[in-house]
Amino acid sequence: MKQFFKMLLASILGTAIGIFCLSTFFLIVLLAGIGSVSSTVFIPEKNQNVLKISLSGTIDDYSESNPFIDLFSETPQLALKDILTAVEKAKNNDAIKGIYLDVKTFSTGTANVDAIRRSLNDFRESGKFVVAYADQYTQTGYYLASAADYVYMNPKGMLLLRGLASETMFYKGILEKIGVKMEVFKVGTYKGAVEPYINEHLSDANREQITSYLGGIWENITEGIAESRGINTQDINSFADRGLFFADAEETVECGFVDSLLYLPEVEAKLKELAGQTSDKFKTLSVSDMNKTKSSTKQYRNKIAVIYAEGEIVSASNSQFLITQKNITDRLAVKLHKLIDDETVKAVVLRVNSPGGDAYVSEQIWHEVEALNRKKPVVVSMGSVAASGGYYISCAARKIVAEANTLTGSIGIFGMYPNVSSLYDKLALTADIVKTNTYADIGDAGRSMNDDERALIQSYIERGYELFLTRCADGRGKSRDAIDAIGQGRVWTGEQALEIGLVDEIGGIDRAIELAVELANIYNYTLINIPSADNSLKELLQKQLKTAKTSVVKDVMGDEAFQILNLQQQAGTLYGIKARIPYNLKPL
């Protein structure tokens, strides 16, 4: 009996502690939420303020306010939308005299950098200044900073301007060592996503396409820097080819890349002088502060909906197992379907930033885009990558706008299944199967496929490719043969895609919105932003768990090891029938 009461007391105590912890968690989230919905920030016009954009971490296209994370984070996560909105507000606010780009190590696609550079150039045309400073510039950071009026760097800093490279890791050898062989089925000469599993080197076709788009992106980057800094592209390439990023920092000034080598207090003193600040403390506003300032935009009944499709295309059931928080699932199709009958929404801008993924899910999303476009205009705005499945879900739109450095196309399809029979032999593991029909065990990893099974799957892949061609041909108003000629899994830059008719214009999301307004034939409208993920409590908690898990894994493994783990997880999602770009492309 004594033991019974001990156990009862322990259970009661454990339950009480659990309830207390859970209540505390929800209370923190609630308080943080209340704090995040703070009153509008008011900036007195007499203030000589500077908008400080601290660039660090990963800059996605869209980021919902996350009160729980913001409560504990010193540097809240920025998104492209937040930055562009803040710059536009700062341009129209007389109390903001300039922008300070605090450039740290950050990760984002070249297309996003192009969009921010355009917004900074527009800001400068208002007569206000932009100053950039970094202890050390990465290529991404410098390409963005080069759009500033003044570019400063720490006297002991480095400018890592060295050109672009894309590395492909091949797994065939290690898979053979452990007794695993991949059964691969594909359509598309350039569809390189399967090459790491069946080759030891790049195929000639794959090397050709990588050389083409890397060269195109680098040319755009060097031309952008040259125009902003008043130097020529030959000097930029010479700096990279001579390895001058390892030279003394003075070399960056002599070559015209940096205006002066200054320490941070000296930069802040110059900023105070430019802004006309006389107080001892340097006054700045964050992107978050700027976006909380009162907007003069009037609310109208007519709406333009901007819906964000960002990440790998996966089924909703699989997305929960991936580390990355940003995934496109079949829930996006549901959100698109709801917009069809919303009479207040006159047009839709679909912002696509995806390397593709699951072919079946891509088809479901395409179906809803096509149905929506029949009812009201849909304009696609492509981010840094909108390829393979990312292009599949885009091709039904009335207009497609891409950045010059967007990676798109990759119209192709593949399937991949593991064969671990040699691993079974190494482990002396055997299996026996009883089946009722000929193909009941097709795809069983414990044995090799026979010719009939391979023929069935290859036929299925080819039908999938034919469907992909049909979707693109119908959407772009071209013949299937014409699409096939520029398809075959070939990756194109946005600039190249414009020339071959896969996109309609070069520009950013602002241009896509302008087109949507024109096509809807409206004048006054309200812009609404719709994330592709759900906002339910369950979704919120799942995001917090993924965020926590990602943070712990990064801290334990380090960034490089984390990226390898992330790639391994994505490789796991390649099994089955997929429409995906070859690899994670981060040339900057």
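# Cores, cysteines and a pocket in a predicted model

Of the 588 residues of the protein chain, 49% count as buried. This is a predicted model, where local features need pLDDT of at least 70, side-chain atom pairs count only at pLDDT 80 or more, and totals for chains, interfaces and linings use all residues. Residues are numbered from 1 along each chain as its sequence is written, and side-chain values use heavy atoms, with hydrogens and water left out.

Me: Why is C395 called buried?
Reply: Buried means under 20% relative accessible area, exposed over 50%, partly exposed in between (1.4 Å probe, protein chains only). C395 has a relative accessible area of 0%, so it is buried.

Me: What makes C255 partly exposed?
Reply: Its relative accessibility is 23%. That value falls in the in-between class, so C255 counts as partly exposed.

Me: What makes a set of residues a nonpolar core?
Reply: The members are buried Ala, Val, Leu, Ile, Met, Phe, Trp, Tyr and Cys residues, joined through side-chain atoms within 4.5 Å. The largest such core here has 61 residues, and I53 and Y137 have the most contacts inside it. Helix α8 (residues 204-229) supplies the largest share of this core, 8 residues. Helices (H or I, at least four residues) and strands (E, at least two) are DSSP runs, numbered from the N terminus. C472 belongs to a second, separate core of 52 residues, which also includes L332, Y392 and A397.

Me: Which residues does I53 contact, leaving aside neighbours within four places in sequence?
Reply: Contact means heavy atoms within 4.5 Å. By that test I53 is in contact with L78, I83, V87, I99, Y100, L101, D102 and V287.

Me: Why is V113 called buried?
Reply: Its relative accessible area is 1%, under the 20% limit, so V113 is buried. V113 sits in helix α4. Beyond neighbours within four places in sequence, V113 is in contact with T108, T140, Y143 and L144.

Me: Why does Q496 count as buried?
Reply: Q496 has 17% relative accessibility, which is under 20%, so it counts as buried. Q496 is in helix α20 (residues 494-500). Not counting residues up to four places away in sequence, Q496 touches S212 and V491.

Me: Is S388 buried or exposed? And is A428 buried or exposed?
Reply: S388 is at 0% relative accessibility, so it counts as buried. A428 is at 68%, over the 50% limit, so it counts as exposed. A428 has a positive phi too, about 55°. A428 is found in the loop between α17 (421-426) and α18 (451-476).

Me: Which kinds of residue line the second largest pocket?
Reply: The lining divides into 2 nonpolar, 5 polar and 7 charged residues. Ala, Val, Leu, Ile, Met, Phe, Trp, Tyr, Cys and Pro count as nonpolar, Asp, Glu, Lys and Arg as charged, and the others, Gly among them, as polar.
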